[in-house]
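Please look through the chain shown below before reading on.

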Amino acid sequence: MRSGWSTRRLTVALYPFGAGAAAVNVFFLSLILSWIGLSVLTPVQSVLSGCIIGIPASWAFARHLRSLMDGVDAA
């Protein structure tokens, strides 16, 4: 039996941080891409993109944390 939080619960807890980090990264990416002529995203567009990208990013990090927790429990 696993002890501690499930991957789903970790994902929900980490989502605000993952979405925020993704929004900042998307905005900075749009600034870099403006050097080759693409338009810069507005902050609202960046936040909405971050909300979408944050879901799989948070899930992947939660799985990583869960595997670390399982490794510690097994030791």
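Ser-46 is buried, because its relative accessible area is 3%, where buried means under 20% relative accessible area, exposed means over 50%, and partly exposed lies in between (1.4 Å probe, protein chains only). The model is a predicted one, in which local features need pLDDT of at least 70 and side-chain atom pairs count only at pLDDT 80 or more, while totals for chains, interfaces and linings use all residues. Residues are numbered from 1 along each chain as its sequence is written, and side-chain values use heavy atoms, with hydrogens and water left out.

**Around Ser-46 and Ala-23**

- Ser-46 lies in helix 2, which covers residues 43-74; helices here are DSSP runs (H or I, at least four residues) and strands are runs of E (at least two), numbered from the N terminus.
- When residues up to four places away in sequence are not counted, Ser-46 touches Ala-23, Val-26, Phe-27 and Leu-41, a contact being heavy atoms within 4.5 Å.
- Ala-23, one of these partners, belongs to helix 1 and is buried, with a relative accessible area of 11%.
- Apart from its neighbours within four places in sequence, Ala-23 is in contact with Ser-46, Val-47 and Gly-50.
- Ala-23 and Arg-9 are 14 residues apart in sequence, and their C-alpha atoms are 22 Å apart in space.

**Helix 1**

- The buried residues of helix 1 include Thr-7, Leu-10, Gly-18, Ala-22 and Ser-30, and the buried residues of this helix pack against helix 2.
- Helix 1 has a kink of about 50 degrees at Leu-14, shortly before the proline Pro-16; the bend at a residue is the angle between axes fitted to the seven residues ending there and the seven starting there.

**A nonpolar patch**

- Val-24, Phe-28, Leu-31 and Val-40 form a nonpolar patch on the surface, and together they have about 310 Å² of accessible area, a quantity that comes from the Shrake-Rupley method with a 1.4 Å probe, where for residues only the protein chains shown count as cover.
- Patches are made of residues with over 30% relative accessible area and no salt bridge, with like charges joined within 9 Å and nonpolar side chains (Val, Leu, Ile, Met, Phe, Trp, Tyr) within 5 Å.
- Val-24, whose place is in helix 1 (residues 7-33), counts as partly exposed because its relative accessible area is 42%.

**Salt bridges**

- The structure holds 2 salt bridges, each defined as a side-chain nitrogen of Lys or Arg within 4 Å of a carboxyl oxygen of Asp or Glu.
- Asp-70 forms a salt bridge with Arg-66, in which the closest N and O atoms are 2.7 Å apart, and because these two residues are 4 residues apart in helix 2, they are separated by about one helical turn.
- Arg-66 also forms a salt bridge with Asp-73, with the closest N and O atoms 3.9 Å apart, so that Arg-66, Asp-70 and Asp-73 are linked in a network of salt bridges.
- Arg-66 counts as buried at 1% relative accessibility, whereas Asp-70 is partly exposed at 24% and Asp-73 is partly exposed at 45%.

**The whole chain**

- The protein chain has 2 helices and 0 strands, and buried residues make up 20% of its 75 residues.
- The C-alpha atoms of the protein chain fill a box of roughly 55 × 20 × 10 Å along the principal axes.
- Among contacts with a separation of 6 or more, 74% are between residues 24 or more positions apart.
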